Amino acid sequence: MKAIQMKAKWAPSLALMALAVAGCSQKEESKPAVETTETAAAVAEKAEVKAEATKEAPVVTVYSSRKEHLIKPLFEKYTAETGVDVRYVTDKAGPLMERLSAEGESTPADMFMTVDAGNLWQASNKGLFASLDSESLEANVPAHLQAANNDWFGLSIRARTIVYSTERVKPEDLSTYEALAAEDWKGRLCLRTSKKVYNQSLVATMIQTQGKEKTEEIVKGWVANLATEPFSNDTKAMEAVAAGQCDATIVNTYYFGRLKKKNPEVTLALYWPNQEDRGVHVNISGAGITKHAKQPAEARKLLEWLASDKAQGQFAEINHEYPVNVTVKPSAEVQAWGNFKADLVNVEAAGKLQADAVKLMDRAGYR
Amino acid sequence: MPQPPSDQPSNDDSNQPSANKESFFVNAQSTKWRKHFWRLPAWFAAALVLMPILVIALSWTSDQSDIWAHLIQTQLGTLLGNTLKLCIGVGSIAIFLGVSLAWLVSVCEFPGRRWLDWGLMLPLAIPTYVVAFVALGLFDFSGPVQTQLREWFGSDFRMPSIRSAGGVSLVLSAVLYPYVYMLSRSAFMSQGRGLVDAARMLGRTPLQAFWSVALPMARPAIAAGAALALMETLADFGAVAVFNYDTFTTAIYKSWFGFFNLPAAAQLASVLLLFVALALFAEQKARGGGRLFEVPAQERERFKLKGARAYLATGYCLLIFVLAFVIPVGQLLFWVVETGLGGLDQRYIDLVLHTFALGAIAASLTVSLAIAVAFGQRQLGNISAKGFAMRAASLGYAFPGSVLAVGIMLSFAKVDSVLVAPVRALLDMPPKQILVGSVVALILAYCVRFFTVGLGPIQSSFERLKPSFQEAAQSLGANKWQLLWRVYLPMLSPGIFAGMLLVLVDVMKEMPATLLLRPFGWDTLAVRVYEMTSEGEWERAALPALSLVLLSLAPVVLMIRRSRR
């Protein structure tokens, strides 16, 4: 009942939409409209509008590799604000992209949302996105966090930085990602596996700024300094640092946020590397409108809303991430980690050079 | 669509007598036709499985030599070595555990046997990746066990790393031994004691009798169980990823998610499949032509173990039960208590219903198909699973889940675009997916993936039945229908239950195909587990994982009670 009322409120614009999209399915025409006690003319008019609205009530369909518990609250908020329902399926980015391209023009998906610029770049490269000219998105999403061809836009920033043991490392001992490859870190470094896209993007941007040879040397240095085989996730790597198996590791900050929340006593701290040169490596989660979207206008509204100050705070806060929209402040907890200079290299580089990065890490013996 | 193969035999049989009265020529023709008819179920199953495999094999039309060259130069050797080590490790540990436990609970009597009998099957209900993560959490350097040991023995104390071939083998075996256990248990139980007693009267020790009589008779079942365990090992990605232990599947996933190159991944997967096909072929050759049948056990008097032996038997079974089931479930419970029941909302009812409904439908369908195939083979006079179709049909299980899921999705998408789209265009309807993202496609995908899991127990029960039962029934005037319903199905029921149970539990745990093919709103418990674990939030995954385990327990207990009668 509530949903119907909500739709009724938006009925006029929805009805227009419905006509614009050239609805041709006639299935639900006979559905009775909501009862009202107004004058006959008004009832008749409203009933017609409502019939239209139920017929083509816009439902935006999202394929997402960002996890359900990170997107559901936002979509619910959007539905509450606008009356437009959002439905979604979640899966890994790779299978979703295959599904999108296999479904072709009969896909139900209007929006593809994923984490990591590499994935977004691939989707764009496969022609899964429709380019989007949107003033509000251009204003809200910084240029280095969106596609040059406007296929996709970043929605949150995730910084990948150094975490060290406050018991065995002084912050002065740390400086850059590259310095972790130096001799004095022998047997003191823990890393997550190179199979994770976050590390692939980190190395890809290093290739972009430093070139292949230098990067390969650095990665080899990391591998030589490893205290133990790479871990399958960031949390395990941090736990190893806390347990004394090694002294520092490289993780996404939100994993640190989660660990700290779970165990406030943990003797670990964040360090922002490369502040003298290119800055901390950042990656994004983001989204774009699919090429064969059935509700492109509605999907665009949703995307614009997600990048606006109405949604940005929650979008980032829910996962201890940073908003892309500079007018929105991160959560207090995240702000407490301090400000840092971020690497401004366009995140698209991560996508373009990802395969090179994987090969480089294979050659360097980084598992 | 799966033709109910059982519809047609009745037609066939009603035609049969009239054909008999006519000339010899017609009779011969009809016999030939019937022979083909009994091949249909197997061919249908094979076609179902081959459809996605064919899509995957098509990847060879593109040239991926640079990725192959890169893999061969950098790591393929290590990966193959790792995979081999893991197969040997899991194969030997799972067979040892499965057969020894099955022998103890089905032939001996010792304190606690009655509940250990079914308790030892329970680890099957826990997804591999969950056990892997629990084991890693407990036994890795930062885990409580090593931390405690370091406190006792000084901070320099080091245990051999669990993130090694040995560690991964142990963990995988803890989840996979129930395949061997279940199948060999039902084999041992239907053997009865008669032949073992005979061997002992002829002067063999109990151990010798076991080796020379009971074990060879149970060999089809043991082999079927071990094959399932090994195929799952080869296809596993979840558990090895948790350990960051690189196997051949690692290369497949790296090609896809690292190089964004699905054709290369598919090529690698088809090489893996070739190995599995060869291994299955070799196993069947090695089994040889000799067949061993037995009568169903009339009476079962168990060997009563006494004194130290009895306690040893209890202790051994209990140890495995605790390691493989109590500890992982205990850890899940601990996490659930720690994180609270906050995630338990009204949607949970839907999750549980979806999970169970998908599992039950897929299990019944898969097992019906498996019975039809096995029965058809029997009518052809094939006692064991022979022939191209039979082998092809069993390959679905050996694929890494995600690759098979994509193969299935692509083939359904093809059907959609070739068959459905033109019809819709003709009717002036907007383009829409019919198959992809429908429950039908998802169920068919489960059938493809788990067909061999359903077939294994049924086939091995069939193999132990003498053909003379059929001959006797037919000489008493039973037709094929009656033969199936009144003779085979009752005698096969332990195997059928085992097959149902395995498929049901496997479907409920299944992740990649469910993720990719589920319709909107059809989330299952496994999907929820994925949502949490893919970002390493294992504590929050505990609730859906525990629900999944509990949901799987009910059918396990139920079916074991049935099979005991």
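A: The crossing of α19(B) and α21(B) is right-handed, a crossing being right-handed if the near helix is turned clockwise from the far one by less than a right angle, and left-handed if anticlockwise. This is a predicted model, in which local features need pLDDT of at least 70 and side-chain atom pairs count only at pLDDT 80 or more, while totals for chains, interfaces and linings use all residues. Residues are numbered from 1 along each chain as its sequence is written, and chains are lettered from A and ligands numbered from 1 in the order in which they are written.

Helices here are DSSP runs (H or I, at least four residues), numbered from the N terminus. Helix α19 of chain B covers residues 439-463 and helix α21 of chain B residues 480-509, and the two pack at about 160 degrees with their axes 8 Å apart; axes are lines fitted to C-alpha atoms over the stretch in contact, and angles run from 0 to 180 degrees between N-to-C directions. The two helices, α19(B) and α21(B), are therefore roughly antiparallel to each other, a term for angles over 145 degrees.

On the side of α19(B), the contact includes B:Tyr446, B:Phe450 and B:Pro457, and on the side of α21(B) it includes B:Leu492, B:Gly499 and B:Asp506, with contact meaning C-beta atoms, placed from the backbone, within 7 Å. By class, this contact has 13 nonpolar, five polar and one charged residues, where Ala, Val, Leu, Ile, Met, Phe, Trp, Tyr, Cys and Pro count as nonpolar, Asp, Glu, Lys and Arg as charged, and the others, Gly among them, as polar.

Elsewhere, 40 residues of chain B are in contact with 40 residues of chain A.

Key: Parallel < 35°, antiparallel > 145°, perpendicular 65-115°, else oblique. Contact = placed C-beta atoms within 7 Å.
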